[in-house]
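Notebook open, structure on screen. Here is what I looked up, one spot at a time.

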Amino acid sequence: MFRLPALLLACAALLRSADADLILHNGKIVTVDGRFGIQQAVAVKSGTIVAVGPDGPVLKAERGPKTEVIDLHGRTVLPGLVDAHVHAFEAGLSEYRGPLPPFDSFAAVQAYIRRQAAKTPEGAWIVVPRTFPTRLKEMRMPTRDLLDFERDHPVLFDLSYVVVLNSVALKQCGIDRNTPNPPGGEIVKDAQGEPNGVLKNAESLVKGLDRAEHFTETEKLDALEQQLKRYVAAGLTTVGDRAVNAEQISLYQKLKAAGRLPIRAVLTWRPDGSQPAAALQQQIEAAPYTTNTGDSWLKFGTFKLTLDGGMTIGTAYQRFPYGAFGKQLYGKTDPDDRGQLFIPPDKLLAVMRTARNRGWQLTTHDQGGGAVDTFLDTLEALDREKPIAPTRSHLMHASFQSPEAIARMKKMGVLADVQSAWLYLDAPALEQVFGYDGMRWFYPLRSYIDAGIIVAAGSDHMIGHDKNAAVNPYNPLLSMWTEVTRLTNRGKVIHPEQKISRPEALKTHTIWAAWLQFADKERGSIEPGKFADLVVIDRDYLTCPEEQIKDIQPVMTILNGRIVYRAQ
Ligand SMILES: [Zn+2]
């Protein structure tokens, strides 16, 4: 990188008193600046980076009597990492009352039910919290047979918008072969026409179960704050919280007002998209915020609607049917089923136009290719009225891409919010559904970058506190490792031609994510004038053996110039 000559640094020091608050030196500072320069030292004052360069000049020019000087002993420093996509509040509450085991096999689910049965009064509900069929070792949608060993309690197994009941629960809810499907939902039947326990978008039929865990506001604030602190311990200094409602906005504002906000947060507002267009438009007009309302600690980012379902449950709206394996994995009854589009295109366009004109950056949850194409149609219509590129609008997930869609993104300047760890966790099951060829455009990061499309990476963390075991894991090094290797948790490389380099993977969690958040001028790289958001790590990210990238641990997280986390 361009090195500031010592003389220039010295001159700068004369104009300013040489008393940095903090200097890190004798390290490998991966700046992620325009030239991807590597430096030895970084100096910080009043929360801002004031110098980056070789040890000698930085120490000479910036060290004062009160400066805290840390010898890195050769350790690597990265810009503070960004997770562009979390659900912090939901995740924080998920294990607030106690830890959950991983639900990764039928046996794990049954063991959990047995443990719960032993401490649950007879007749009371047992709920197995949310998991996805793609994450189960068996790669098969369970039915009531899996749960019928339990005869004293009604059991509900939550597979996200799909629930499975045991026979006790079906009976208690009065669901039998003659029960009509609720609007938009399905009671799945076996070959004999009897309910097999699977209810799709039909949880309204479940009677006598109060699933809401009741938390006081003090507990909610605590749960959110603790989760945000766990992000900091994972090396993150900014998160994008990607579906906040009025309650969550207020919790964030209260934490900030009380001086308890441990991380920078950019909020994506997602109103309930099932409301009529006019009601949504009215809400958008009335909301006292839009993109960039707020400050560098807490601000609004994106306006979001949820356009389709999920690939982990077979409701993502695809360009083609889920086919035969979809029947096994998702319990589908119609082999031609392509998933669900929740918002008709004309309504989507009308609402998005209102949001754009109100100053919002736009996104939809668009996981299947059909949803990707639908949202791109919307953006194209808006782009014809007024260029969309300046809004930095983006696809969210876009798990099933196509060359045509990528070309449209490039043409309009549309960005991508990607979940790389899904390749690690879900590709083995999805490959069974779509075939290896059908995975050709699954998170095609190489193609995005080659097309000049900005890629911001995020975990979609929603359940669990552990950074590696959570659904979805929020360890940013695991995400970067996946982007570099394209390895699944079963050890297979999925389309190696879509691998990206280590510097590129780092950018998806730093400067490019900051770009998506309209914050690339103030953070995302280690350069003078930017906020001093840094993470010191225990290995050299750029040169350590590839398989170790996911195991890299933060040693210290620095946020706005303050050391906010130190490894024990
Ligand atoms: Zn999400």
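I began with Gln 498. Leaving aside neighbours within four places in sequence, I found Gln 498 in contact with Arg 440, Trp 441, Pro 444, Leu 445, Arg 446, Ser 447 and Arg 486 (contact means heavy atoms within 4.5 Å).

A note on ground rules: this is a predicted model, where local features need pLDDT of at least 70, side-chain atom pairs count only at pLDDT 80 or more, and totals for chains, interfaces and linings use all residues. Residues are numbered from 1 along each chain as its sequence is written, and side-chain values use heavy atoms, with hydrogens and water left out.

Is Gln 498 buried or exposed? I got 2% relative accessibility, so Gln 498 counts as buried (under 20% relative accessible area; exposed is over 50%, partly exposed in between, with a 1.4 Å probe and protein chains only). A polar atom of its side chain lies 3.1 Å from the backbone nitrogen of Arg 446.

Then I looked at both ends of α16. At its start, a side-chain oxygen of Asn 475 reaches to within 2.9 Å of the backbone nitrogen of Leu 477. Just after α16, Arg 486 takes a positive phi of about 55°; Arg 486 is also one of the residues in contact with Gln 498.

Technical notes: Polar contact = N/O pair within 3.5 Å; in protein donor to acceptor, adjacent residues only side chain to side chain. Helix = DSSP H or I, 4+ residues; strand = E, 2+ residues; numbered from the N terminus.
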